[in-house]
Amino acid sequence: MSTPVKKVPIHLQSSQNRLLIRHGQVVNEDGITEEDIYIEDGIIKQIGRNLIIPGGTRTIDARGKYILPGGIDPHTHFEFEFMGAKSVDDFYQGTKAAIAGGTTMIIDFAFPKPGESILDCYYNYRQKADDKVCCDYSLHMCLPQWSEQVKKEMEILCKEHGVNSFKMFMAYSFMLNDAELYSAFEQCQKLGAVAQVHAENGSIIAKNVEKLLANGVTGPEGHELSRPEDIEAEAVNRACVIAKQVNLPIYLVRVSSVSSANAIAERRSSGQRVFGEVEASSIGMSGDPRDPKLVTSPPLRSNSDTSTQLLQLLSSDVLQLVGSDNCTFNKSQKELGKDNFTKIPNGVNGVEDRMSVVWEKGVHAGLIDPSRFVAITSTNAAKLFNLYPRKGYIGVGSDADIVIWNPSATRTISAKTHHQAVDFNIFEGMVCHGVPEYVIVNGRVIVDEGNLKAVQGYGKYIDCPVFPPYVYDPEKVTELKPEKNGTNDEGIQNIRELEKLHFEEKACSSPTPTIPEGNVLTPSCKGARPEGQRNIQDSTFSISEELDVERKSCIRVKNPPGGKSSGFW
């Protein structure tokens, strides 16, 4: 016979589980409102004004700040063995750094080792990550080869393990040919999975590398020379053509050039479902072909106009989201290819600085508005991988993954102060206007007035269901969002029960208060009341006293799906 579980009285629950955020501007991808947010047990329970809040709740004043959904980084590589080296940010260091920068969930790429099945790869990544992650995470699965076994295990991963995305490569030694891409796309379409493609023409790159080395070009500059924009754009277009044959929506990772983005724009204008991801590195800087620390694929383009043009394409929804492709190697590892650029481990940092770089180059520069910032750093990723509105949205019932963003504060990016393991930072010296002052992960304040208090193993693995509506049936996306913000009835009942017990225990001369049918509690004992909070200690509150003049107006900006465009295109 099992031992019964002892129920902890509700009045003994830790006040750390309850949080009120007041006076901030709540930014979702479809608008901005001035509302308060009450969080309990990791879930948003109430949104509005004059909320019913239990005693012992911590209050954060967000006056003059934005309240944003926590960032979702859809592209990281932690503990990744690649090109004879292993990335130095593990799942602890990487997710810790992510939180420091305002990202509250990452989606990492599980990459099978030679001879390893994709199913075994999944299990191995779960073992590496589960006890280390400081925030929630999910996994994409890479397909370095195609076979009937891969096809069968894709189905198992989708149905039993919450993997709904698969990445194929058109370059590197593990590239799939067109026929193999066709077959993999067919399986993705059948399973309702998201097909991701790294688009570069690997065959042409191989010939270019051969020619450059023969002509004595061995330094880092050979990397970009071997991978010009047009062969990226050609691969983007070819991937779209193949996907169209099987009626499959397609997701292009690491779009690094305007030529590639224009190819995506043309496909989207014809009605094809194509999504484009840009990396923070591509919009935060232009590449120096001579610097081995900046080597990644596709390359950081040396054209100084590329970053601004990519931001404009993000603004107009030609491109949909920003990742980091965080794949960090130390200086000594990068020097493995000092005499042969083909041996430089590909990858740069970005998981910690992604949000600040996009805000600086986009919002602060006037190219995108705060709602579009939320869309491209959080909401669209949640929609693409079927996590919305649990993630990527501030609404009743959503996970309490929240960033309180101070647009007036500044910080200077530096390897001396970042939280990543890598010993340099590609954004070194960049001054960013906009700082995550508080970061809340599953209801817990992890960044508190700028102080990071990450907890190893606090995060959890999140299943990504197949057939995300945003990808396969976009008309159904609006059905996912709660009709309106308000109050979770169960949450209110818990608050009422908690307050009743709380008042019973107070040294109060009057009898135990009665709870009226309405939402306002009216006990007879009086006490101090936090400013602006619904008075639950005194039945004689005044409506005029409760209204905060500074917050009387409610600003709501209505944007088209995906966020507001700045009208560049």
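Predicted model: local features only at pLDDT ≥ 70, side-chain atom pairs only at ≥ 80, totals over all residues.
An open sheet of four strands is found in the model, with the strand order 5-4-1-6 and mixed pairing. The edges of this sheet are formed by strand 5 (43-48) and strand 6 (58-61). Each of these edge strands has a single partner strand, so one side of each is left without a neighbour in the sheet. From one strand to the next, the twist averages 20°. Within the sheet, strand 1 (residues 18-22) pairs with strand 4 (residues 36-40) in the antiparallel sense, and four bridges join the two. In this pairing, I21 is placed opposite I37 of strand 4.

An open sheet of seven strands is also present, in the order 3-2-7-18-19-20-21, again with mixed pairing. Here the edge positions are taken by strand 3 (31-34) and strand 21 (451-452). Because each of the two has a single partner strand, one side of each is left without a neighbour in the sheet. Strand 7 (residues 66-69) and strand 18 (residues 402-412) are paired in the antiparallel sense over four bridges, and P69 stands opposite I402 in strand 18. Helix 12 (residues 354-363) lies across strand 7, strand 18 and strand 19 (431-441). The direction of helix 12 is at about 135° to strand 19.

Helix packing is illustrated by helix 2 (residues 118-129) and helix 3 (residues 148-160), whose axes are 8 Å apart and meet at an angle of about 40°. The two helices are therefore oblique to each other. On the side of helix 2, the contact is made by I118, L119 and Y122. Helix 3 contributes V150, E153, M154, I156 and L157 to the contact. By class, the residues of this contact comprise seven nonpolar and one charged, with no polar residue.

Helix 2 and helix 3 also take part in the lining of the largest pocket, as does strand 9 (81-82), each supplying at least two residues. The volume of this pocket is about 510 Å³. Its lining consists of 24 residues, and those that lie nearest the centre are F111, P112, K113, P114 and E116. The greatest contribution to the lining comes from helix 2, with five residues. Twelve residues of the lining are nonpolar, five are polar and seven are charged.

The largest cavity holds about 180 Å³ of space. Of the 19 residues that line the largest cavity, H77, F82, K167, Y172 and D325 lie nearest its centre. Nine nonpolar, seven polar and three charged residues make up this lining.

The second largest cavity has a volume of about 80 Å³. Its lining includes the prolines P220, P289 and P299, together with L294, V295 and L300. Also in the lining are H223, E224, G287, D288 and D291. The lining of the second largest cavity is divided into six nonpolar, two polar and three charged residues.

Conventions
Residues numbered from 1 in each chain as written. Heavy atoms only, no water. Pairing = 2+ DSSP bridges. Axes fitted to C-alpha atoms, helices over the stretch in contact; angles between N-to-C directions. 1 Å grid on protein atoms, 1.4 Å probe; cavity = no way out; pocket = protein on both sides within 12 Å on 5 of 7 lines; lining within 4 Å. Points joined across faces, edges and corners; volume = space filled by probe spheres on them. Nonpolar A, V, L, I, M, F, W, Y, C, P; charged D, E, K, R; others polar. Parallel < 35°, antiparallel > 145°, perpendicular 65-115°, else oblique. Contact = heavy atoms within 4.5 Å.
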